[in-house]
Amino acid sequence: MDEQSRMRAAFARRRLVLAAGAAGMLSLTTPLVCLARGSGKMLRVGTLSMGVVSEPNNLLFAAAMRELGYVEGKNIVFERRFAQGDQSKLEQMARELVQLGVDVIYVSSTAPTTAAMKATRSIPIVFVNVADPVGSGFVASLGHPGGNATGISVQATELSAKRVQLLRDTFPGIRRLAVFVTDESAASLQLSEVQRAAPQLKLQVLPVKFMPGASEQAAMSVVRQWRADALYFTETSQNFFNRQRLTQIAKQLRLPAVFGANYYAEAGGLMSYGSSYEANYRRAAIYVDKVLRGAHPSDLPVEQPTVFELVLNLKTARALHLEFPEATLLRADSTIE
């Protein structure tokens, strides 16, 4: 039996009875027809996160699963693993989920997806908020994933240039942009995009390696010595987990900064632009539901977001003695007072 046949056989063992309309599309209120693979065993979904249980990706995903009819302890068991900001824990946690024989693994962001992909090539993986699933090697293409993983992209690579453009339009005087990067592949991909966009915007770019803790003061010192005019924070698993600290650093440096999601602006960041994470978590739950009902990840195209949000924090702007121009205010989807 070749590898593709083995993978499909493994997925077949996880299939459920599909009860839906002729088009195969399930509404959020469609009841579950069976509980697990015809054996009476409850479904088991593994979740792997860089953060903690209170993170939005965990809470919103769980809520979306309940809306789809999955009641924990009744027809589903969630095996949750949280790295609490320590990326080194992810691979071991992913292996634990594989050993438990979960029916599907739900992962949020690039680093947990990398760990899950290393742990298994047969158990279905549904990812959400991955910066570049093709560039990261998770799928062969967006339209035809080709393996055991699929999910929701955030288009972070493509959006990088857009964020820089928004920052430049809002504050035309900036010339030197410090880009905070982590050691994740998603950061490198976004940095490359920013560097490609910089000449047209007449910007100089300085990559700044950032890890919370010991390197913070060193990173801030580099930014000050280089006399940066503005900051760009790459959208990565580590940065999202440390978003409270990142927004504080931007305030300490007293420089305009752009971030990748509304949660940064809500944490005190000056401005953010990116896809709606809330919408992405809901779509990820729908993908998990499809897999549990028998769909094969290789047949589910990676979805790209359709809802994007520009969020401005007016309170932070006042604290930094900055003023958003009228054009930026009119473009904003929401503001934080």
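User: What is the volume of the second largest cavity?

Analyst: In this predicted model, the second largest cavity has a volume of about 30 Å³. The structure holds 2 cavities of 30 Å³ or more.

User: How is the lining of the second largest cavity divided by class?

Analyst: The division is 5 nonpolar, 4 polar and 1 charged residues. Gly counts as polar under the classes used, and Gly268 and Gly269 are among the lining residues.

User: What is known of the largest cavity, and which residues are closest to its centre?

Analyst: About 200 Å³ of space lies in the largest cavity. It is lined by 18 residues, of which Ser108, Ser109, Thr236, Ser237 and Phe240 are the closest to its centre. Two or more residues come from each of helix H8 (237-241) and H11, and H8 gives the most, with 3 residues. By class, the lining has 7 nonpolar, 9 polar and 2 charged residues.

User: Why is Val302 called buried?

Analyst: The cut-off for buried is under 20% relative accessible area. Val302 stands at 7% relative accessibility, so the residue counts as buried. Its place is in the loop between helix H11 (277-292) and E11.

User: How do you know which residues Val302 touches?

Analyst: Contact means heavy atoms within 4.5 Å. Leaving out residues up to four places away in sequence, Val302 touches Phe127, Pro133, Val139, Leu142, Pro145, Thr150, Gly151 and Ser153. The C-alpha atoms of Val302 and Ser153 are separated by 6.8 Å, although the two residues are 149 residues apart along the chain.

User: Is Glu79 buried or exposed, and where is it found?

Analyst: Glu79 is found in strand E2. Its relative accessible area is 15%, and the limit for buried is under 20%, so Glu79 is buried. Beyond its neighbours within four places in sequence, Glu79 is in contact with Arg44, Val45, Gly46, Thr47, Leu97, Leu100 and Val102.

User: Why are E2 and E5 said to stand at the edges of their sheet?

Analyst: The open sheet of 5 strands has the order E2-E1-E3-E4-E5, with parallel pairing. Strand E2 (76-82) and strand E5 (149-153) each have a single partner strand, so one side of each is left without a neighbour in the sheet. Neighbouring strands of this sheet are turned by 20 degrees against each other on average, direction ignored.

User: What makes E3 and E4 a pair?

Analyst: Two strands pair if there are at least two bridges between them. Strand E3 (residues 104-108) and strand E4 (residues 125-130) have 4 bridges, in the parallel sense; they therefore meet the criterion. H11 lies across strand E1 (43-49), E2, E3, E4 and E5, and runs at about 170 degrees to E4.

User: Why is Gln84 called exposed, whereas Asn129 is called buried?

Analyst: Exposed requires over 50% relative accessible area, and buried under 20%. Gln84 has 52%, so it is exposed; Asn129 has 8%, so it is buried. Gln84 lies in the loop between E2 and helix H3 (90-99), whereas Asn129 is found in strand E4. Neither residue is a glycine, yet phi is positive in Gln84, at about 50 degrees, and in Asn129, at about 60 degrees.

User: What is the strand order of the sheet of 7 strands, and why are E7 and E12 at its edges?

Analyst: The order of this open sheet is E7-E6-E8-E9-E10-E11-E12, and the pairing is mixed. Strand E7 (204-209) and strand E12 (334-336) each have a single partner strand, so one side of each lacks a neighbour in the sheet. Helix H7 (residues 216-226) packs on this sheet, touching strand E6 (176-181), E7 and strand E8 (230-233).

Definitions and conventions: Residues are numbered from 1 along each chain as its sequence is written. This is a predicted model: local features need pLDDT of at least 70, side-chain atom pairs count only at pLDDT 80 or more; totals for chains, interfaces and linings use all residues. Side-chain values use heavy atoms; hydrogens and water are left out. Axes are lines fitted to C-alpha atoms, for helices over the stretch in contact, and angles run from 0 to 180 degrees between N-to-C directions. Buried means under 20% relative accessible area, exposed over 50%, partly exposed in between (1.4 Å probe, protein chains only). On a 1 Å grid over the protein atoms alone, a cavity is a set of points where a 1.4 Å probe fits but cannot get out, and a pocket is an open set with protein on both sides within 12 Å along at least five of seven lines; lining residues have an atom within 4 Å of a point. Grid points are joined across faces, edges and corners, and a volume is the space filled by probe spheres set on the points.
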